[in-house]
Amino acid sequence: MLKRERLRGLPAFVSHGRADQDLAFTAGEALRDFVLAGGAEVSWVPFDGGHEIPLVVWRALRKFLSALLRCRGKETRLPTPVHK
């Protein structure tokens, strides 16, 4: 049994290509929805591509990680998650 409640409040980065032929886009959306339902703070980055990591995702991941590092050791929360 999965314990998605353990995700509450955790930052999560999820990205998926709309044209991925190896893993359906709906699978990426399902993962996003699963972690959201668990209460995670999700940054969702869909992109027009396949089974790859394009520059747009690398840039979003860099911003996500930079925000985590800035918040480390502080009582502040991460910026509002992105849901597109």
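Tryptophan 58 counts as partly exposed because its relative accessibility is 47%, the class between buried, under 20% relative accessible area, and exposed, over 50% (1.4 Å probe, protein chains only). The model is predicted, so local features need pLDDT of at least 70 and side-chain atom pairs count only at pLDDT 80 or more, while totals for chains, interfaces and linings use all residues. Residues are numbered from 1 along each chain as its sequence is written, and side-chain values use heavy atoms, with hydrogens and water left out.

Tryptophan 58 belongs to helix α2, residues 55–71, where helices are DSSP runs of H or I with at least four residues and strands are runs of E with at least two, numbered from the N terminus.

Two aromatic pairs are counted, for ring centres of Phe, Tyr and Trp (its six-membered ring) within 6.5 Å, with planes under 30 degrees apart taken as stacked, over 60 as edge-to-face and the rest as tilted. Phenylalanine 13 and phenylalanine 64 make a tilted pair, with 5.5 Å from centre to centre and 50° between the planes. This pair links distant parts of the chain, as phenylalanine 13 lies in strand β1 (residues 11–17) and phenylalanine 64 in helix α2, 51 residues apart. Phenylalanine 13 is partly exposed, at a relative accessible area of 22%, whereas phenylalanine 64 counts as buried at 12% relative accessibility.

Phenylalanine 25 and tryptophan 44 also form a tilted pair, 5.9 Å centre to centre with 50° between the planes. Here helix α1 (residues 25–37) provides phenylalanine 25 and strand β2 (residues 41–47) provides tryptophan 44, 19 residues apart. Both phenylalanine 25 and tryptophan 44 are buried.
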